[in-house]
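User: I want to learn how to read features in a structure. Please take them one at a time.

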Amino acid sequence: MMLRVLNYPKPAIRQCSKKTRTVGCPSEAAAAATTASSSIAAKQHHRQFSSLPHHLARQNNGMVNIFVKSTKVPRPTLPKTFNRLKKPLKEEDVTIQHVPSHLSYASNKRMPITSEMRIVQPGEDTPSGIWPVFRMMDESGNFRQPGNSRHINVSKIIPPNHHDLLQLQSALTIQYPHFKHHLLSSGLFQPSKNPYPDMPLNKEEAEAADDAKNTLLRAHRQMIRLRKMDTILHNAQRQGRISFYMTHHGEEAIHMGSASALSPQDVIFAQYREAGLLMWRGFTLEQFCNQCFSNDHDLGKGRQMPIHYGCRALNYQTVSSPLGTQITQAVGAAYKFKLDAMNNKEKEAAISIVYFGEGAASTIDFHSACNFAATLKTPMIFFCRNNGYAISTPVEDQYAGDGIISRAPGYGMAGIRVDGKDVFA
């Protein structure tokens, strides 16, 4: 089992906590609601494996816990394009610039940044002082180089056919060998076998036919789409057209990064700010609007508050209003998956993943769930999005220790703290 904590840099906290009052045209919501395809995207997902059974490629700003049974999996291999792209970089391709060593957090707290991913296992020595934040890419858009201040200019190593994900993956792997395992295991670099239903197919919008199968490009489009949907529906709430709405500003990378590492059969237990995961699995803009406006096309027939999404077909459990209740429910589902795997070894294994904020980690449900999950060794992930504020309550008023991740060893869980703004981490 693994506990993962993701933290937001300071600017993201300010952005998330800032109240905005803007006026938008209601017709925009109607237009946006009809743009997405209702088909569910089929996609091949690749998992990362460690000494744990299978562990999720973590994503942004939050804490994550993973419990999985051990499985031997062949090490990922480089695509055939590896040798063809193996070219040394010239001196002008390397830029010398300041590489941040700490991440500014809420209440002026500073967390050390590391490029060496280490999942602290139960029984191992925990990091002394403040747990470091794992990051692959800095805000500049350059991948980090462990041990020095040299950044490689990514634009210099992108292959001629940058629409080919496998070529891009090979080029990055050659130049960043210390991230080889992460790059080869990331679902973001695995093209879909079939075109994504929500990706453009005509040549006017797509420069190449491969774009419709490009998982990384789709992740970028989905993050922009989620931000635009937030703007329209948040404006609608301010105008009194819907009763309630919560935005996902600054957390888009968390959704797409973690969603790309999950398999379709994995069950998601979400809180308020995880609409991106549902969007990744094929929930359309029209379906989002139907739910928020509580019309007769809503899957829940208007019985839920806005943003309390749910979809059985996409293995996304309906959001509930009380904080933390989904955490214990996720443990129960994971235990069922464990029993199913024991009784039917041919059945494809599934896990449950539960998302929550650091505020929900102060509820009794969180502590009960962690204890049951650890003792029962359930295949699940606790994913805590720690943005520094529980609505308006800062972290210093919630706990005196080093965040949520430091609790993992006490429960007997594996844990890692990750930068929530880095979609690749």
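Analyst: Cysteine 384 has 0% relative accessibility and counts as buried (buried is under 20% relative accessible area, exposed over 50%, partly exposed in between, with a 1.4 Å probe and protein chains only). The model is predicted: local features need pLDDT of at least 70, side-chain atom pairs count only at pLDDT 80 or more, and totals for chains, interfaces and linings use all residues. Residues are numbered from 1 along each chain as its sequence is written, and side-chain values use heavy atoms, with hydrogens and water left out.

User: How many helices and strands does the chain have?

Analyst: There are 12 helices and 14 strands. Both are DSSP runs numbered from the N terminus: helices are H or I with at least four residues, strands are E with at least two. The chain has 425 residues, of which 55% count as buried. Take contacts with a separation of 6 or more: 73% of them join residues 24 or more positions apart (a contact means heavy atoms within 4.5 Å).

User: Now helix packing. At what angle do α10 and α11 pack?

Analyst: Two packed helices are described by the angle between their axes and the distance between the axes. Helix α10 (residues 325-343) packs on helix α11 (residues 364-376) at about 15°, with the axes 7 Å apart. The two helices are therefore roughly parallel (under 35 degrees; over 145 is roughly antiparallel, 65 to 115 roughly perpendicular, the rest oblique). Their crossing is left-handed (the near helix is turned anticlockwise from the far one by less than a right angle; clockwise is right-handed). From α10 the contact takes Thr325, Ile327, Thr328, Val331, Tyr335 and Lys338; from α11, Asp365, Phe366, Ser368, Ala369, Phe372, Ala373 and Leu376. By class, these are 8 nonpolar, 3 polar and 2 charged.

User: Are α6 and α7 parallel or oblique to each other?

Analyst: Helix α6 (residues 215-238) meets helix α7 (residues 252-261) at about 140°, with the axes 9 Å apart. That pair is therefore oblique. The crossing of α6 and α7 is right-handed. On the α6 side are Ala219, Gln222, Met223, Leu226 and Arg227; they meet Glu252, Ala253, His255 and Met256 in α7. The contact has 5 nonpolar, 2 polar and 2 charged residues. Isoleucine 224 is also in α6. It is partly exposed, at 42%. Its C-alpha is 8.3 Å from that of glutamate 252, across 28 residues of sequence.

User: Last, the backbone. Which phi does asparagine 315 have?

Analyst: Most residues other than glycine have a negative phi. Asparagine 315 has a positive phi of about 55°, though not a glycine. It lies in the loop between α9 (285-293) and β9 (316-317), partly exposed at 23%. Lysine 377 also has a positive phi of about 55°. Its place is the loop between α11 and β11 (380-386). Lysine 377 is exposed, at 60% relative accessibility.

Notes. Axes are lines fitted to C-alpha atoms, for helices over the stretch in contact, and angles run from 0 to 180 degrees between N-to-C directions. Ala, Val, Leu, Ile, Met, Phe, Trp, Tyr, Cys and Pro count as nonpolar, Asp, Glu, Lys and Arg as charged, and the others, Gly among them, as polar.
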